[in-house]
Amino acid sequence: MKSVWSKSVKMPRFESLDKSIETDVVIIGGGMAGLLTAHKLKEKGKDSVILEKAEICSGQTQNTTAKITCQHGLIYERLIDAFGEQKAAQYARANRNAIDEYERIIVDEGINCSFERCPSYLYTFSDTEAIEKEFAAARRLGINAEITEKISLPLKVSKALRFENQAQFNPLEFAAAVAKKLKIYENTPVVYNGKGAVTADGREIKAKHVVIAAHYPFIDSAGFYFLRMHQARSYVAAFENCGDIGGMYYGIDPKTLSFRNYGSLLIASGCSHRTGESEGDEFERIKAKVKAIFPKAEEAARWSAQDCMPPDSVPYIGRYSKKLDNFYLATGFQKWGMTNSMAAAEIISDMICGTENENAEVFSPQRSNAAASCELMRNGLHSVDGLVGKKLKAPSKTASQLKNGEGAVVNYNGKTVAAYRDENGKIHAVSPTCTHLGCRLSFNAELKSWDCPCHGSRFDIDGKAIDNPALKNLEKY
């Protein structure tokens, strides 16, 4: 499954690290957040090196819907209630500024990436009160917003909230242009040595500052981020024959879709769920909903994305922990990685350069609030169920009962294994236990992967780790 961005863009390739290095800043992760941080540091006169375990933008960046917007669902009323108006304004300002900053870089660098300004809408079929409250909160924070009942999307909505002057683009065309001017090593997995530094295959990396921009924080001993957020998967498909919908759309009602155009295509996304808890048939449900609106729609591509979800809807951007003073973190972007990646690049580059950033406080990874405390408890209970509860349940199937194309945790010769029977009838059997902290895995029939419901790690049918926090592959039988 390839996104429309991956199909249309050939990314530049870089050599792997084959020697010890010394630099001002080392950035772990070559997605949008890592590339933008390196770009910002370069503008501010700091040398940096990006180390990417695979290939740049091969993780979540290539799977984004690529909306550059400060409209992040029903968020601003909630932020005012949780943080107060001053900090909520920091979040709004950081994400508004991010839109302008993308445009500045694109113009300055002459990047052709299908960037265009357009309005963004929240829409509802029933919850008009939520729209009105979000409108009032947005206006209090200085956002140019208005309520309307008329939208270009051919749906009869009760109300919609329109944010003016947002944007959309092709993220890989942008990233490819930015990356060519940066120092990058690909296929260079990094580990923390437990002594305040990182190494790559035994090679020493000396740096005054270390930025972890690798989607999911991999240093469990500091920050405990695996307890402070969960991961969620969402599904995306592109369709032909749908026409121009005149902006970007996000449905606030349950089971509604998000939309945008890319050239002649309509991109639709939705069916989000906690990783490891797939209901199945997510793509077919998206397709059915799109064809109900656009009867002539023909599917052109389908793909899936994974997002880190903090409990209070605000990313963790800033110092990794009090124990690691020279380490910085950018994670928890929820489904809004484009603007929050830019916000992270601005904040972290300012911190490294000793410059005060007026929007940094709300994003601090060291913050605490009631929502975070509740999530810590919920995630803890969820982990206990994955570590203990599910392991106590005996498998209900044997490997011989699996149909072609089916996967399940089964009994095989008296042993509990995660087994998948492929379309040719061959069994692929691996350990059913996540290599991160030992939770019981579940099978995602839509993506043909083994997913961890505790912390969101994912593995392919042969046990190869494809999503963090797990760093090791599953044992293969």
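This is a predicted model: local features need pLDDT of at least 70, side-chain atom pairs count only at pLDDT 80 or more; totals for chains, interfaces and linings use all residues.

Numbering starts from 1 along each chain as its sequence is written, and side-chain values use heavy atoms, leaving out hydrogens and water.

Start by selecting residues 85–109, helix H4, along with residues 337–353, helix H9. Helices here are DSSP runs of H or I with at least four residues, and strands are E runs of at least two, numbered from the N terminus. The axes of H4 and H9 sit 8 Å apart, at an angle of about 90 degrees (axes are lines fitted to C-alpha atoms over the stretch in contact, and angles run from 0 to 180 degrees between N-to-C directions). So H4 is roughly perpendicular to H9, a label for angles of 65 to 115 degrees.

Next, show side chains at the contact (heavy atoms within 4.5 Å). On H4, pick residues including Tyr91, Ala98 and Ile105; on H9, Met338, Met342 and Glu346 are among them.

Now jump to Cys271 in strand S14 (residues 265–274). Its phi is near 55 degrees, positive in a residue other than glycine. Cys271 is buried at 16% relative accessible area, buried being under 20% with a 1.4 Å probe and protein chains only.

Then try Ser313, in the loop between strands S15 (298–309) and S16 (316–319). Ser313 is no glycine either, yet phi is about 70 degrees. Ser313 is also buried, at 6%.

Last stop: the Asn468 to Pro469 peptide bond, which is cis, with omega near 15 degrees. Pro469 lies in the segment after strand S24 (465–467).

Definitions and conventions: Angles under 35 degrees count as roughly parallel, over 145 as roughly antiparallel, 65 to 115 as roughly perpendicular and the rest as oblique. Buried means under 20% relative accessible area, exposed over 50%, partly exposed in between (1.4 Å probe, protein chains only).
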